[in-house]
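Please look over the sequence and the model shown here.

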Amino acid sequence: GLVYGGPGLPKRINDCLLFEATRRGTEPPPERAPELTWFWTTLMGAGMLIGGVLAIIIAATKVVLPYDESFLGKTRDALTAINPRLLDFMAHDRITLAGVMITTGLIYLALSLFGIRRGLHWARQTVWISAFTGFLTFFLFLGFGYLDPFHAFVTVALLQLLLLGVHARLGTYVPQVRPETRGSFAWRLGLWGQLLLVIHGFGLLAAGAGISVIGVSQVFVHEDLEFMQTTATALASADPRLVPLVAHDRATLGGMLLAAGWLFLLPALWGFRRGSTWLWWALLIGGVISYAAGIGVHYAVGYLSVNHLLPAFGGLGLMLVGLML
């Protein structure tokens, strides 16, 4: 069974036992009515989604905000004078970040409305692990030296919603769809799809960790400097606060990728079962939005390094093939 069914076999057995037990009416009634865990995580997801939409609008137009200009002591036009491609480079980072924020918010909403509200423990654990990872990466600012006041405000506001969700109790889960008892051809194809989604999730976590480390250390990679046709020393000489500002964008993107990585990895591991159509659609819609923003902005600003774009295209391919299977 483990050879042909994979390591998820014990979970499938437990799903079958739970389904039969709930149909026989042998499960004891819940000790208390479910609290509004899903409501608070839904609000958190909605806040993340709205923030991502606002961020992508700003990044596609003005790029920098007044407090960015205040931190630098320079206007938007002065940044263009430092390097004509600097604003395009910052927009590429910020639009990519906004795309990941929108994806994260959408998947939080899906997990809350279709998972946590139905009493799915794995859905709640996924949201908690992802959200706490994202909030903890806020402290990466200690490494790059720029405390973004708006970022801090949003973090504090959304953290309160997460803590309210943690405090609330989960309802009782009653499965509505009979689990697979025999591995059909479609099920075996699905196992290959699950494997690809797991690899994709680990890839996002690795990318998030790598970008976070770059954000608090060297900040730029070779392709970045090649695109701007400059050096890190020249940018730092133009304004010593410019590199910390860019590092903030980098580290924040890395933190959001870590949060998103858990959202793609853990549902692939824990949520793989019949009746999970809502989950696969959530991952597809959210993932396509994120990859479209990240890849599309590179073409919009002319940042077309093959080495830089290859991981994004590879991740998109893994996700699409995995979900198709």
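Thr-133 is buried, because its relative accessible area is 18% and buried means under 20%, with exposed being over 50% and partly exposed in between (1.4 Å probe, protein chains only). Thr-133 sits in helix α7, which covers residues 121-136; helices (H or I, at least four residues) and strands (E, at least two) are DSSP runs numbered from the N terminus. The side chain of Thr-133 forms a polar contact with the side chain of Trp-262, at 3.2 Å. A polar contact is a pair of N or O atoms within 3.5 Å; within protein, one must be able to donate a hydrogen and the other to accept it, and residues adjacent in sequence count only if both atoms are side-chain atoms. Leaving aside residues up to four places away in sequence, Thr-133 touches Leu-258, Ala-259 and Trp-262, where contact means heavy atoms within 4.5 Å.

This is a predicted model, in which local features need pLDDT of at least 70 and side-chain atom pairs count only at pLDDT 80 or more, while totals for chains, interfaces and linings use all residues. Residues are numbered from 1 along each chain as its sequence is written, and side-chain values use heavy atoms, with hydrogens and water left out.

Trp-122 touches Leu-111, Pro-267, Trp-270, Gly-271, Arg-273, Trp-278 and Leu-279, not counting residues up to four places away in sequence. In soluble globular proteins, nonpolar side chains tend to be buried together.

The largest pocket holds about 760 Å³ of space. On a 1 Å grid over the protein atoms alone, a pocket is an open set of points with protein on both sides within 12 Å along at least five of seven lines, a cavity is a set of points where a 1.4 Å probe fits but cannot get out, and lining residues have an atom within 4 Å of a point. Grid points are joined across faces, edges and corners, and a volume is the space filled by probe spheres set on the points. Of the 33 residues lining the largest pocket, Ala-207, Ile-211, Leu-257, Pro-311 and Ala-312 lie nearest its centre. Helices α6 (86-115), α10 (185-215), α11 (222-228), α13 (242-270), α14 (277-301) and α15 (306-324) each supply at least two residues of that lining. The lining of the largest pocket has 17 nonpolar, 12 polar and four charged residues; Ala, Val, Leu, Ile, Met, Phe, Trp, Tyr, Cys and Pro count as nonpolar, Asp, Glu, Lys and Arg as charged, and the others, Gly among them, as polar.

The second largest pocket holds about 650 Å³ of space. It is lined by 36 residues, and Leu-97, Met-101, Phe-150, His-151 and Thr-252 are the closest to its centre. Two or more lining residues come from each of α3 (37-60), α4 (66-72), α6, α7, α8 (141-144), α9 (149-167) and α13. Helix α13 gives the most to the lining of the second largest pocket, with seven residues. This lining divides into 23 nonpolar, nine polar and four charged residues.

The structure also holds one cavity of 30 Å³ or more. Arg-12, Asp-15, Pro-179, Glu-180, Trp-187, Arg-273 and Arg-274 line the largest cavity, a lining of two nonpolar, no polar and five charged residues.

Two loop residues have a positive phi. Most residues other than glycine have a negative phi. Val-63, in the loop between α3 and α4, has a phi near 75° and is buried, with a relative accessible area of 6%. Gln-229, in the loop between α11 and α12 (232-238), has a positive phi of about 55° and counts as exposed at 67% relative accessibility.
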